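Open the model in your viewer and keep the selection tool at hand. This tour goes stop by stop.

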Amino acid sequence: MSTVTNAGKAPSLLGNRFLQTILLSNVLLQIGIWVRNFAILLFVAEKTSNDPYAISLISVAEFAPIFVFSFIGGTFADRWKPRKTMIWCDLLSAVSVFVVLLAIHFGSWQSVFLVTFISAILSQFSQPSGMRLFKQHVPGEQLQQGMAMFQSLMAIFMVIGPMLGTFCYSRFGLETSVAVMGVVFLLSALVLVRLPKDEAGKAASSGQGPIPQGI
């Protein structure tokens, strides 16, 4: 059911608590995603003297989960509680990042591929849940505008994200960049706690797949 005011009218788009929460969470996730993508890319290129095979493995780790888990994630998003799914995905991403950070610190630099792979898998479960909640909590007349804002935010990060990731790695190095990833995933999970609680017995939304997103 769409969120409405006591007067029976939908709140303004930017006044929608759900949309505020989703956009803030997405800002944090985009920061983590782009820092991850470019910090790991630059690190692997430097570590392997621009070995094309090692660099290509980054793309495999990023995009292989899309083909393998996109349909699985969409199916389970219709069965699991979406709010809880999104929170757990962000928490698990943060945990995996900190575990890999420890591995990197003790000399296992190849584990950077694992960060990309795990977070890419988890995003295939989180994104469809977010779209399901989008349909529930954004009024129908504002849905198109809300989706446009969501897509515009991702487009903005496609421009500034590479600069952000490059700056973070060149200025602070790999370990700090990986730590930033873990922190923003954790903050995103905390932000998502503001979402309305999942309704018991809520029928699954149908026909809404995930919006493609950089992962």
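Helices here are DSSP runs of H or I, at least four residues in length, numbered from the N terminus. The model is predicted.

**Stop 1: S129.** Select helix α4, residues 112–137, and pick out S129 within this helix. Is S129 buried or exposed? S129 counts as buried, because its relative accessibility is 0% and the cut-off for buried is under 20%. Now show its surroundings. Leaving aside residues up to four places away in sequence, S129 touches A77, P82, T85 and M86.

**Stop 2: helix α6.** Select residues 174–192. Check the length: at 1.5 Å a residue, the 19 residues of α6 should span 27 Å. The end C-alpha atoms of α6 are 27 Å apart, so the two values agree.

**Stop 3: the buried residues of α6.** Colour L174, S177, V178, M181, G182, V184, F185, S188, A189, V191 and L192; these are the buried residues of α6. What covers them? The cover includes α1 (17–47), α3 (82–105), α4 and α5 (140–172). Keep the helix repeat in mind: an α-helix has 3.6 residues a turn, so residues three or four places apart point the same way.

**Stop 4: the nonpolar patch.** Switch to a surface view. Select F98, V183, L186, L187 and L190, which make a nonpolar surface patch of about 400 Å². Which helix gives the most to the patch? Helix α6 does, with four residues.

**Stop 5: L187.** Finish on L187, a member of the patch that sits in helix α6. L187 counts as partly exposed because its relative accessibility is 38%.

Note on methods:
Residues numbered from 1 in each chain as written. Predicted model: local features only at pLDDT ≥ 70, side-chain atom pairs only at ≥ 80, totals over all residues. Heavy atoms only, no water. Helix = DSSP H or I, 4+ residues; strand = E, 2+ residues; numbered from the N terminus. Buried < 20%, exposed > 50% of the residue type's maximum accessible area, 1.4 Å probe, protein only. Contact = heavy atoms within 4.5 Å. Patch = residues over 30% accessible without salt bridge, like charges linked within 9 Å, V, L, I, M, F, W, Y side chains within 5 Å. Areas by Shrake-Rupley, 256 points an atom, 1.4 Å probe, with all protein chains shown as cover. Salt bridge = Lys/Arg side-chain N within 4 Å of Asp/Glu carboxyl O. Expected span 1.5 Å × (residues − 1).
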